[in-house]
Amino acid sequence: MQKFPMTGPGLTRLEAELRLLRSEERPAVIRAIAEARSHGDLSENAEYHAARERQSFIEGRIQELEEIISAAEVIDPASLSGENVKFGAHVHLVDEETEKEATYQIVGVHEADIKQGLLSVSSPLAKSLIGKKKGDTVSVPAPGGDRSYEIIAVRFG
């Protein structure tokens, strides 16, 4: 079975989503299907078809989350150290062209959320950062051409 590395908070978020789907979303969609059925002819009942579609999505997401959680390998970034970028590191960068600074934490594929600064370990930027240290410059392929970033700081925990 494939293991999925992730941080503790990432696993907690996935477990919370799973609980919500099981305890609230699934019962709500079952009630919606029952309500739509009570309206009679199902062949032209848009509410029924929408509810069944939602149910299919919810059940698929529950199954996906159960598989991910069962294969999760939690890595505590606080237990890591060193100066090289690796999984769990918080990396402070500056875009050499725009001078815009950003900080990202390199996390597992299933917990990535770029808006929250959580960068997937499999993303092109993370792949180029792994193994580098403060002061290094990395070049990352981007749709508008390669982008260069300088690593300003690397920290763990």
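Predicted model: local features only at pLDDT ≥ 70, side-chain atom pairs only at ≥ 80, totals over all residues.
Student: What span should the 30 residues of α1 have at 1.5 Å a residue, and how far apart are its end C-alpha atoms?

Tutor: At 1.5 Å a residue, the 30 residues of α1 should span 44 Å. The distance found between the end C-alpha atoms agrees with this expectation. That distance is 42 Å.

Student: At which residue does α1 bend?

Tutor: The helix α1 covers residues 8–37. Its bend amounts to about 40 degrees. The residue at the bend, which is also among the buried residues of α1, is L21.

Student: Which elements do the buried residues of α1 pack against?

Tutor: The buried residues of α1 include G10, L11, L14 and L18, and also V29, I33 and A36. One of the elements they pack against is the helix α2.

Student: How far does helix α2 reach from its first C-alpha to its last?

Tutor: Helix α2 runs over residues 46–70 and has 25 residues. At 1.5 Å a residue, 36 Å is expected, and the reach is close to that value. From first C-alpha to last, α2 reaches 36 Å.

Student: Which residue caps the N-terminal end of α2?

Tutor: The cap is made by a side-chain oxygen. This oxygen lies 3.2 Å from the backbone nitrogen of E47. The capping residue is N45.

Student: Which strands stand at the edges of the open sheet of five strands?

Tutor: The order of the strands is β5-β4-β3-β7-β6, with mixed pairing. Two of the strands each have a single partner strand, so one side of each is left without a neighbour in the sheet. These edge strands are β5 and β6.

Student: Is V138 buried or exposed?

Tutor: V138 belongs to strand β6, which comprises residues 137–140. A residue counts as buried under 20% relative accessible area. V138 has a relative accessible area of 3%, and therefore it is buried.

Student: Which residue in β7 is the bridge partner of V138?

Tutor: Strands of a sheet pair through backbone hydrogen bonds, either parallel or antiparallel. Here β6 and β7 (residues 147–155) pair in the antiparallel sense over four bridges. V138 is in contact with R147, S148 and Y149, among others. Of the residues in β7, its bridge partner is Y149.

Definitions and conventions:
Residues numbered from 1 in each chain as written. Heavy atoms only, no water. Expected span 1.5 Å × (residues − 1). Contact = heavy atoms within 4.5 Å. Polar contact = N/O pair within 3.5 Å; in protein donor to acceptor, adjacent residues only side chain to side chain. Bend = angle between axes of the 7 residues up to and from the residue. Buried < 20%, exposed > 50% of the residue type's maximum accessible area, 1.4 Å probe, protein only. Pairing = 2+ DSSP bridges. Lists of a residue's contacts leave out its neighbours within four places in sequence.
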